[in-house]
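I opened a new page for this model.

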Amino acid sequence: MATAHRPHGPGGRVVLVTGGTRGVGAGIARAFLRTGARVVVCAREAPGRPVAADGRVARFLPADLREQAAVDGLLGTVAETYGRLDVLVNNAGGTPYRPLGAADAASHAKVVALNLTAPLTVSLAAYGLLRAAPDGGSVLMVGSVSGGRPSPGTAAYGAAKAGLEHLARTMAVEWAPEVRVNTLVLGMVRTESAHLHYGDADGVAAVARTVPAGRLAEPDEIGDAAVFLASDRAAYITGAGLLVHGGGERPAFLAAARTHQEE
């Protein structure tokens, strides 16, 4: 008997993007909207304007993902409204610049809670819906290159992102074959808050020159990578980390050696 063709993209599926109202999250949400997916975005505060693409608009639901009751309410609303969840993108996260000695352990723990514990909480709450998805569920963690190298000034964030990748790999084994779990390992992205990390336009341009690709990523490019990992074209990819970093960072010792030679 012939096998029915399944579309390669996640069109028609239900997608939940945490922290999906701005920056990388909004880029991911827009990319899924372009496939025809029904997209839900959540954050603690409503966006100034709806997240939309190609005439389609993401539904916003308020939620503080550090609160179990809020997470349960969020997933309950998704279940009641759509009756299914095909893709969960754990994007919510972030950190201020904070050297280790500049804050107490409780302050650093809040960063870990947002970037590691919250994705675990949401994933567990979504598991029942994801494993029942008609074509199999997909969880995408939004990681960072900070999880694979020293992260001065954002140590708790880097540690949380390292833990997030490990969580994703283990989750992929435990939840197979019904649910695939992968991580997008991001480098630097040009978002609304880029100036907080890199300074003014000249600072952003200077930072961009350190990337082999010669520029920072755009949020919608991250979205394209997310759509691929959640699609049938990636059906055999699980427990993986996809580097989306423009080639990474040039080794500092090469620049130092070149400067020395020119002196």
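My entries follow in the order I made them.

**Ground rules.** The model is predicted, so I noted its limits: local features need pLDDT of at least 70, side-chain atom pairs count only at pLDDT 80 or more, and totals for chains, interfaces and linings use all residues. Residues are numbered from 1 along each chain as its sequence is written, and side-chain values use heavy atoms, with hydrogens and water left out.

**The sheet.** I looked up the strand order. It reads β5-β2-β1-β6-β7-β8-β9, an open sheet of seven strands with parallel pairing. Strands here are DSSP E runs of at least two residues, helices are H or I runs of at least four, and both are numbered from the N terminus. Two strands pair if DSSP finds at least two bridges between them. Which strands stand at the edges? They are β5 (59-62) and β9 (241-244); each has a single partner strand, so one side of each lacks a neighbour in the sheet. From one strand to the next, the twist averages 20 degrees.

I then checked one pair. β7 and β8 run parallel and are joined by eight bridges. Valine 139 has valine 181 in β8 as its bridge partner.

**Helices on the sheet.** Helix α2 (residues 68-82) packs on the sheet and touches β1, β2 and β5. Its direction makes about 145 degrees with that of β5. Helix α3 (residues 105-131) also packs on the sheet, touching β1, β6, β7 and β8. I read about 175 degrees between the directions of α3 and β6. These angles run from 0 to 180 degrees between N-to-C directions, with axes fitted to C-alpha atoms, for helices over the stretch in contact.

**The cores.** A nonpolar core is a set of buried Ala, Val, Leu, Ile, Met, Phe, Trp, Tyr and Cys residues joined through side-chain atoms within 4.5 Å. Buried means under 20% relative accessible area, exposed over 50%, and partly exposed in between (1.4 Å probe, protein chains only). The largest core has 30 residues, and Ile28, Phe32, Val39, Val89 and Ile222 touch the most other members. Its largest share, seven residues, comes from α1. A second, separate core has 29 residues, including Leu74, Leu88, Ala118 and Met141.

I picked out valine 39. Beyond four places in sequence, its contacts (heavy atoms within 4.5 Å) are Val15, Val17, Ala29, Phe32, Leu33, Ala58 and Arg59.

Is threonine 18 buried or exposed? Threonine 18 is buried, because its relative accessibility is 1%. It sits in strand β1. A polar atom of its side chain lies 3.0 Å from the backbone nitrogen of alanine 92. Asparagine 90 is among the residues that threonine 18 touches. Asparagine 90 belongs to strand β6 and is buried at 2%.

**Helix α6.** In α6 (residues 201-208), the buried residues are Gly203, Val204, Val207 and Ala208. They lie on the same side of the helix, because they cover an arc of only 140 degrees around the axis. That arc is taken from the directions from the helix axis to the C-beta atoms. Ala201 and Asp202 are exposed on the other side. Alanine 205, also in α6, counts as partly exposed because its relative accessibility is 33%.

Methods
A polar contact is a pair of N or O atoms within 3.5 Å; within protein, one must be able to donate a hydrogen and the other to accept it, and residues adjacent in sequence count only if both atoms are side-chain atoms.
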